[in-house]
Amino acid sequence: MSARWKPNVTVAAYIEHEGKLLWVRELTSRDGIRINNAAGHLEADEDPLQAVCREVLEETGRPFRPEAILGFYLSDTRFTDGEPVRFLRIAFVGTVGAVEREQLDEPIIETLLLSAAEIRARPHELRSPLMLRGLDDYEAGRRFPLDLIRVQPEPGRS
């Protein structure tokens, strides 16, 4: 019998803006400066839609309008201590509004507008290979309805 997995759930956004995609450059503790989606961990008191909207606002300063689910991605990572960690990443597609806050989360250095080709030309700068897998799905037009995610109990219902 295998051990029960305690999920490490993250959310990520593929943000359409001004004809390109909005990315962030961030300082990571393990790999130095990397390019990533606006992304982060699902917190205990929120659902995935709330999490992705919060993360995008914190990391880009802009409100996120999710339009679709891009996909669910499982990834195994081995940290420097040798311990494997499995992540479930829920990726969304959407747009952002005007800047609402100038101060970005501390690890974020800046936001970048890059095309898919520009991102693919910088593989050594990417935080995760999942970014390219999501980008492939994004360009292939994969989109799933947001109501694929169900929250129990539903908000406003007792």
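The model is a predicted one. The chain contains three helices and seven strands, and from the N terminus on these elements are arranged as β-β-β-β-α-β-β-β-α-α. The chain is as compact as a globular protein of its length, because its radius of gyration of 16 Å is close to the 15 Å that the globule rule gives for 158 residues. The C-alpha trace spans about 40 × 40 × 35 Å along its principal axes. Among contacts with a separation of 6 or more, 71% join residues 24 or more positions apart. Of the 158 residues, 42% count as buried. The accessible surface of the chain is about 9,400 Å², and carbon and sulfur atoms account for 50% of that area.

Charged side chains form the next topic. Side chains of opposite charge can pair when their charged atoms come close. In the whole structure, a search finds 15 salt bridges. Some of these link Glu43, Glu46, Arg54, Glu55 and Glu58 in a network. An α-helix has 3.6 residues a turn, so residues three or four places apart point the same way. The buried cut-off is under 20% relative accessible area. Arg54 therefore counts as buried at 18%, Glu58 is likewise buried with a value of 18%, and Glu55 is buried at 6%.

Helix α3 comprises residues 130–139, and its buried residues are Leu130, Met131, Gly134, Leu135, Asp137 and Tyr138. Viewed down the axis of α3, these buried residues fall within an arc of 160 degrees, so they line one face of the helix. One of them, Asp137, has a relative accessible area of 9%. Asp137 takes part in a salt bridge with Arg142, with the closest N and O atoms 3.9 Å apart.

Methods
Residues are numbered from 1 along each chain as its sequence is written. This is a predicted model: local features need pLDDT of at least 70, side-chain atom pairs count only at pLDDT 80 or more; totals for chains, interfaces and linings use all residues. Side-chain values use heavy atoms; hydrogens and water are left out. Buried means under 20% relative accessible area, exposed over 50%, partly exposed in between (1.4 Å probe, protein chains only). Helices (H or I, at least four residues) and strands (E, at least two) are DSSP runs, numbered from the N terminus. The arc is that of the directions from the helix axis to the C-beta atoms. A salt bridge is a side-chain nitrogen of Lys or Arg within 4 Å of a carboxyl oxygen of Asp or Glu. The radius of gyration is taken over C-alpha atoms; the globule rule is 2.2 Å times the number of residues to the power 0.38. Contact means heavy atoms within 4.5 Å. Accessible areas come from the Shrake-Rupley method with a 1.4 Å probe; for residues, only the protein chains shown count as cover.
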